[in-house]
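Could you walk me through this structure, one selection at a time? I have it open in a viewer and would like to know what to click on next.

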Amino acid sequence: MTSDRGTQTALHLLLVWVLMAVAMPVLGFALLASAWTSGTGALVPVLALGVPLSVVLLFAAGAPVRTVVPLCASAPKRLGWAALVFVLGTLGVLAGLAVYDDGVRLGSASTRIALTGAPYAVAAAFFVPNRWVRLGATVALAAAVAYGGFIGPGRARQHRHTAEIAGYREHRELLYAIDTPPGMRVARAQAGAASFTAEYHSIRWDGYVALSVRKPLDPRPSCPAPPEKDVACAVNRRGETRMVQAFPGGVHRITLTRRHGAVEAQVTSETLDEPALRHLLDTLHPLSDAELEGLMEEKVIVRGMGQTVLTMPPSMT
């Protein structure tokens, strides 16, 4: 390719890029405005006007390269070339919109507007009978596919994951865990602004332990006043509160509450005895990153807005 033809080709591709970077955002805005004001039925007239006008712009952009691009040598061929470039470029724009909607970052608003013209320039480059131009177009297409299909989505997932962890860690002073009771697993956890709760169930759902970590409700450990019916409560010398609630059939729900720094931890169960619950409280520790990651991977943790009250499963009461 001579220097003049190379310059002519570069200006041609730049012209295609600029024209479509202007036309497509205008068409997109017109579609959005029409759908917003008049419903989806108004999209057909906008498309019926916008698509031919876009093809006409490409038809005009192909005129200066009649001697460079064979498909632009005559008006009928140039019209077919413009239609092909429009279709291929629009497919690229739609692919870009899809990955953007999936959270892939494509820069600022001005950058995204500028990028709308790129697929049309790449499509036009494939019709230039020069191996270096087509090689450049192939490289650009491969880079777009790699970023949009692999690199970008991976970064988007990592960004969402990091943001999700930051959300759970917003009130990190409440994030505590106990060692998982033998034969049990975490079935549900909730991180809120006022408490962190976790429920441990046995595999066969015949065992249950509930953990609740919150800011102390009272300045000093105390029993409910007035006393609740069928509830025995006592506070020992270490400030640990023990509550036993009796149910018909000889079932007892034991709740132990202990202060831990600036928070108050509570464990409740109907299947474990008091020594076992006290041992679990002894294992209380800040929730590690690995433990939080595990809860997120198993999809058993959610974010809450405020105080959470744990209730025993119906099978346990």
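Which residue in S3 is the bridge partner of Ala 191? Select Ala 191 and look across to S3: the partner is Phe 196. A word before we go further: this is a predicted model.

**Stop 1: the strands around S2**

Colour strand S2, residues 184–191, and strand S3, residues 195–202. These two strands run antiparallel and are joined by seven bridges. Together S2 and S3 make a hairpin, with three residues between them.

S10 runs parallel to S2, and three bridges join the two. To find one of the paired positions, pick Gln 190, whose bridge partner in S10 is Val 302. While the strands are on screen, here is a general point to keep in mind: in a regular strand the side chains alternate between the two faces of the sheet.

**Stop 2**

Next, select helix H5, residues 118–125. Seven of its eight residues are buried, so the rest of the structure largely encloses this helix. The buried residues are Ala 118, Pro 119, Tyr 120, Ala 121, Ala 123, Ala 124 and Ala 125.

What do the buried residues of H5 pack against? Show helix H1 (3–38), helix H3 (75–101), helix H4 (109–115) and helix H6 (131–168), and you have the packing partners in view.

**Stop 3: the aromatic pair**

Stay with H5 and show the side chain of Tyr 120, then that of Phe 86. The structure holds one aromatic pair. The ring centres of Phe 86 and Tyr 120 are 6.3 Å apart and the planes meet at 35 degrees, so the pair is tilted. This pair links distant parts of the chain, as Phe 86 sits in helix H3 and Tyr 120 in helix H5, 34 residues apart.

Are these two residues buried or exposed? Phe 86 is buried, at a relative accessible area of 9%. Tyr 120 also counts as buried, with a relative accessibility of 0%.

For another ring, move to Phe 59. Arg 78 lies over the face of Phe 59, 4.4 Å from the ring centre.

**Stop 4: the cysteines**

Now select Cys 223 and Cys 233. They form a disulfide in which the sulfur atoms are 2.0 Å apart. The link is left-handed, with -90 degrees about the S-S bond. It connects distant parts of the chain: Cys 223 belongs to the loop between strand S4 (208–214) and strand S5 (231–235), Cys 233 belongs to strand S5, and the two are ten residues apart. The structure holds one disulfide.

Cys 223 counts as partly exposed at 29% relative accessibility, and Cys 233 counts as partly exposed at 27%. Then click on Cys 72, which is buried, with a relative accessible area of 0%.

**Stop 5: Ser 269**

Select Ser 269, which you will find in strand S8, residues 263–269. Ser 269 is buried, with a relative accessible area of 0%.

What does the side chain of Ser 269 reach? One place is the backbone oxygen of Tyr 208, at 2.6 Å. Another is the backbone nitrogen of Leu 272, at 3.1 Å.

**Stop 6: Asp 289 and Arg 169**

For the last stop, select Asp 289, in helix H8, residues 289–297. Asp 289 is exposed, with a relative accessible area of 54%. Its side chain makes a polar contact with the side chain of Arg 169, at 2.8 Å.

Click on Arg 169, and you are in the loop between H6 and strand S1 (176–177). Arg 169 counts as buried, at 10% relative accessibility, whereas Asp 289 is exposed. Leaving aside neighbours within four places in sequence, the contacts of Arg 169 are Leu 175, Leu 287, Ser 288, Asp 289 and Leu 292.

Key
Residues numbered from 1 in each chain as written. Predicted model: local features only at pLDDT ≥ 70, side-chain atom pairs only at ≥ 80, totals over all residues. Heavy atoms only, no water. Buried < 20%, exposed > 50% of the residue type's maximum accessible area, 1.4 Å probe, protein only. Helix = DSSP H or I, 4+ residues; strand = E, 2+ residues; numbered from the N terminus. Contact = heavy atoms within 4.5 Å. Phe/Tyr/Trp six-rings, centres within 6.5 Å; stacked < 30°, edge-to-face > 60°. Lys NZ or Arg CZ within 6 Å of the ring centre and 35° of its normal. Disulfide = S-S within 2.5 Å. Pairing = 2+ DSSP bridges. Polar contact = N/O pair within 3.5 Å; in protein donor to acceptor, adjacent residues only side chain to side chain.
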